[in-house]
Amino acid sequence: MHRFPLLLAAIFLCSMQRHVQAQAVFINELHYDNSGDDANEGLEIAGPAGTDLSAYRLVFYNGANGRSYGELPLGGIIPAQGGTAFGAVFFQRSGIQNGSPDGIALIDELANSVVQFLSYEGSFEALGGSADGEISTDIGVAESGTSSSNNSLQLAGSGAVYSDFSWRSPAAASPGMLNSGQTFLGAGNPSITLALMPSRLAEGTSGMATIS
């Protein structure tokens, strides 16, 4: 009996699991503007513990012309934090533009897709780059440039995916940690199990396995 079809099935299921993970990864915290010279700028990515962030990158967009002004490859594994199956990783990035509006796209390299295209102080259409033609979603809160460099914009609420949470006004930053007022629920990454009974597996003349 050939094992090649079974290998294809395993690869397919692994791809499905990685795609499910991708949908659960999101921008969780942002700091781009403060009084005086901007400092401690960066973004936090949250999601299921164990997710490999090397498959993602951030693309920064200038809302004045819709063009990208920089990229940031991501890396590292999301840790489990706060007794949950979720966690967060912070990425420092100086020179994030101060809005009116500007935005950031989170890109899944494996799926070659835009996971999120968020903006602050307004929305706009991306022209060129990974988010070309997409309209940003304004997060609805902003940093005015008069607050502390130790503050940030953060998601709060309860849930497991981005849509479960809401953005709140500048508060004490928590880079690399789950946000204050944020509760993650659920078990994190789903598991997908393929169980095959050898006695019920037959291979046709085409070389493909049939499960009955």
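The charged end of Arg 93 sits over the ring of Phe 60, 4.6 Å from its centre (a charge counts as over a ring if NZ of Lys or CZ of Arg is within 6 Å of the ring centre and within 35 degrees of the ring normal). This is a predicted model, where local features need pLDDT of at least 70, side-chain atom pairs count only at pLDDT 80 or more, and totals for chains, interfaces and linings use all residues. Residues are numbered from 1 along each chain as its sequence is written, and side-chain values use heavy atoms, with hydrogens and water left out.

**Aromatic pairs**

- The whole structure holds 9 aromatic pairs (rings of Phe, Tyr and Trp, the last by its six-membered ring, with centres within 6.5 Å; planes under 30 degrees apart are stacked, over 60 edge-to-face, the rest tilted).
- Tyr 32 and Tyr 120 are stacked, because their ring centres lie 4.0 Å apart and their planes meet at 25°.
- Tyr 32 is in the loop between β1 (26-31) and β2 (42-48) and Tyr 120 in strand β7 (residues 113-120), so this pair ties together parts 88 residues apart in sequence (strands are DSSP runs of E, at least two residues, numbered from the N terminus).
- Tyr 32 is buried at 0% relative accessible area, and Tyr 120 is buried at 1% (buried means under 20%, with a 1.4 Å probe and protein chains only).
- One aromatic cluster is formed by Phe 26, Phe 86, Tyr 162, Phe 165 and Phe 184.

**Around Pro 101**

- Pro 101 lies in the loop between β5 (86-92) and β6 (102-108), and its relative accessible area of 14% makes it buried.
- Beyond neighbours within four places in sequence, Pro 101 has contacts that include Asn 62, Tyr 120 and Phe 124 (contact means heavy atoms within 4.5 Å).

Note on methods:
Helices (H or I, at least four residues) and strands (E, at least two) are DSSP runs, numbered from the N terminus. Buried means under 20% relative accessible area, exposed over 50%, partly exposed in between (1.4 Å probe, protein chains only).
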